[in-house]
Amino acid sequence: SALIVSSSARHAASVDGEIAALTTGRILFGYRTQKSPNAGEGGQDYQGIAFGAQLVRELPGDTALGVDVNRQLYLSAYEDNGFYVADTLRGDFNTRLPLALFLRASAGLQSNNYKTSPQVSETTGDLVLRQDRITYWTLGVTRSITEWAFLRFDYISERRDSNLNRFDINSRALTFQLGLGFFGKSSNQVASPW
């Protein structure tokens with residue numbers, strides 16, 4: 001496939017701050033342009049609204065609940081697409097457990113829409129542009145070992161349901177991380193991500 005070169009511009013404004021006691025929020029709203037002159041027909045340029053919103057509630061016991069929604073463009077290597085548009089809704093939960101452990105859990109929905117390279121649908125036989133619907137959840141535990149190091153284990157489950165059946169996939173992964181805080185204390189790595 002041909003090399004696809006892209007250029008983009010984003011103009012946005014955001015506000016963030018405390019909404020109520022122990023509740024913070026952030027809103028971003030903007031306009032995004034993307035040009036991919038070597039991409040396929042229909043996907044050579046994009047102009048549209050970009051947005052993001054996040055709400056976080058702090059609870060006792062170093063616990064936090066969060067929800068965020070956003071629309072982003074990602075570079076794409078699928079067929080002749082230079083990019084795809086993703087709309088995401090995600091919820092997060094973090095809390096401190098006994099033995100200096102932190103529990104992290106999240107779940108989300110994401111839809112990916114591609115702008116070019118229609119393919120024959122296995123179910124209808126028509127030419128359609130690819131659209132993916134992704135659901136995922138993660139569960140992880142983190143523990144500081146020293147002031148400068150931490151261990152983290154995560155279980156990740158993801159299901160991609162595409163309108164082109166050959167792209168359907170279920171995946172699961174167990175990951176392990178050892179973090180070292182050369183440029184700052186590792187405790188920053190185990191606190192709430194917000």
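Start at Y136. Y136 is buried, at 17% relative accessibility. Buried here means under 20% relative accessible area, exposed means over 50%, and partly exposed is in between, with a 1.4 Å probe and protein chains only. Y136 sits in strand β9, residues 131-146. Strands are DSSP runs of E, at least two residues, and helices are runs of H or I, at least four, all numbered from the N terminus.

Before going on, the ground rules. This is a predicted model, where local features need pLDDT of at least 70, side-chain atom pairs count only at pLDDT 80 or more, and totals for chains, interfaces and linings use all residues. Residues are numbered from 1 along each chain as its sequence is written, and side-chain values use heavy atoms, with hydrogens and water left out.

Back to Y136. What does Y136 touch, not counting residues up to four places away in sequence? The list is T88, R90, S106, A107, G108, L109, S157 and E158. Contact means heavy atoms within 4.5 Å.

Take S157 from that list. S157 belongs to strand β10, residues 149-162. S157 is buried too, with a relative accessible area of 11%. Leaving out residues up to four places away in sequence, S157 touches T135, Y136, W137, S171 and R172.

Now the whole chain. The protein has zero helices and 11 strands. Of its 194 residues, 33% count as buried. Among contacts between residues at least 6 apart in sequence, 52% join residues at least 24 apart.

Next, the core. Which residues make up the largest nonpolar core? There are six: Y78, Y84, A86, Y114, L164 and F167. Such a core is a set of buried Ala, Val, Leu, Ile, Met, Phe, Trp, Tyr and Cys residues joined through side-chain atoms within 4.5 Å. Y114 touches S76, Y78, N81, Y84, L129, R130 and D132, again not counting residues up to four places away in sequence.

Two loop residues deserve a look. L22 has a positive phi of about 65° although it is not a glycine. L22 lies in the loop between β1 (7-20) and β2. S117 also has a positive phi, about 60°, and is not a glycine. S117 is in the loop between β6 (101-114) and β7 (119-120). Buried or exposed? L22 is exposed, at 53% relative accessibility, whereas S117 is buried, at 9% relative accessible area.

On to the largest pocket. A pocket is an open set of points on a 1 Å grid over the protein atoms alone, with protein on both sides within 12 Å along at least five of seven lines; lining residues have an atom within 4 Å of a point. The lining has 17 residues, and L28, F51, G52, N70 and Q72 lie nearest the centre. Elements giving two or more residues to it are β2 (23-35), β3 (45-59) and β4 (63-75). The largest share, seven residues, comes from β3.

Last, confidence. pLDDT is the predictor's confidence in each residue, from 0 to 100. The mean is 87, and 89% of residues reach 70 or more. Over residues 185-194, pLDDT stays under 50. Where pLDDT is low, the predicted coordinates should not be read in detail.

Key
On a 1 Å grid over the protein atoms alone, a cavity is a set of points where a 1.4 Å probe fits but cannot get out, and a pocket is an open set with protein on both sides within 12 Å along at least five of seven lines; lining residues have an atom within 4 Å of a point.
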